[in-house]
Amino acid sequence: MPFMFIAGSLPLDFTNTVSWHTGPEPYDHLQTAQDLADWAGQAAIPAPVGTPDTLAAARALREALFCTFLAVANESSPESGDLELVNGHLRVAMGHAQLTPDLAWGWDDESSPDVVLWTIARQGADLLASPDLRAVSVCQADNCGWLFLDRRHLRRWCTKEGCGNRAKAARHYQRVKARREAGTSSQDDG
């Protein structure tokens, strides 16, 4: 399954593996460990298929990051429990971090399925501690909940083609409905 990478930040794209996150019926696109490996591959994180425990840890990290970034987007303080979970993953990740010969970040065990967790934890912490944190925004569509970076503070929707188009169609429907109702009431008056 192709995943969408629209957030401008890998940790935010990871949180967006749940659709309708803030709605009554969120949908988790990471149903299996293979789904997690597929997402990692599409994100250019070379991680083999993990175990159900890897998937459970990834989901917990994703939810903690989502809640933390959502709080920031809503100008609130993150919950301490979410930060503790992210910090726990970060401590493990940094225990495996190393510089590669080309002076980039890498991991001491590139064959571990946990590489995806380490990468997301480190990049998530980097974003949380960066000036770009002020640019984290949440899609304005009801119940969408997808997060993205909006450095110019002009973006309203996760995508124009998805939530933006639905909002435009809904506004059009309301205008047409209002015109019909206005026409019906003026005919009733006559």
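Contact here means heavy atoms within 4.5 Å. Helices (H or I, at least four residues) and strands (E, at least two) are DSSP runs, numbered from the N terminus. Welcome to a predicted model, in which local features need pLDDT of at least 70, side-chain atom pairs count only at pLDDT 80 or more, and totals for chains, interfaces and linings use all residues. Residues are numbered from 1 along each chain as its sequence is written, and side-chain values use heavy atoms, with hydrogens and water left out.

**View 1. Helix H3 meets helix H5.** From H3, the residues Thr54, Ala57, Ala58, Leu61, Leu65, Thr68 and Phe69 meet Leu117, Ile120, Ala121, Gly124, Leu127 and Leu128 of H5. This contact of H3 with H5 has ten nonpolar, three polar and no charged residues (Ala, Val, Leu, Ile, Met, Phe, Trp, Tyr, Cys and Pro count as nonpolar, Asp, Glu, Lys and Arg as charged, and the others, Gly among them, as polar).

**View 2. How H3 and H5 are angled.** H3 (residues 52-73) and H5 (residues 115-128) pack at about 10 degrees, and their axes are 11 Å apart. Axes are lines fitted to C-alpha atoms, for helices over the stretch in contact, and angles run from 0 to 180 degrees between N-to-C directions. The two helices, H3 and H5, are therefore roughly parallel (angles under 35 degrees).

**View 3. Leu103 in its loop.** Look between strand E3 (97-99) and strand E4 (105-107) to find Leu103 in the loop. Although not a glycine, Leu103 has a positive phi of about 60 degrees. Leu103 counts as exposed because its relative accessibility is 68% (exposed means over 50% relative accessible area, buried under 20%, partly exposed in between, with a 1.4 Å probe and protein chains only).

**View 4. Asn143 in its loop.** The loop between strand E5 (136-138) and strand E6 (147-149) holds Asn143. Phi of Asn143, a residue other than glycine, is positive, near 70 degrees. With 35% relative accessibility, Asn143 counts as partly exposed.

Note on methods. Parallel < 35°, antiparallel > 145°, perpendicular 65-115°, else oblique.
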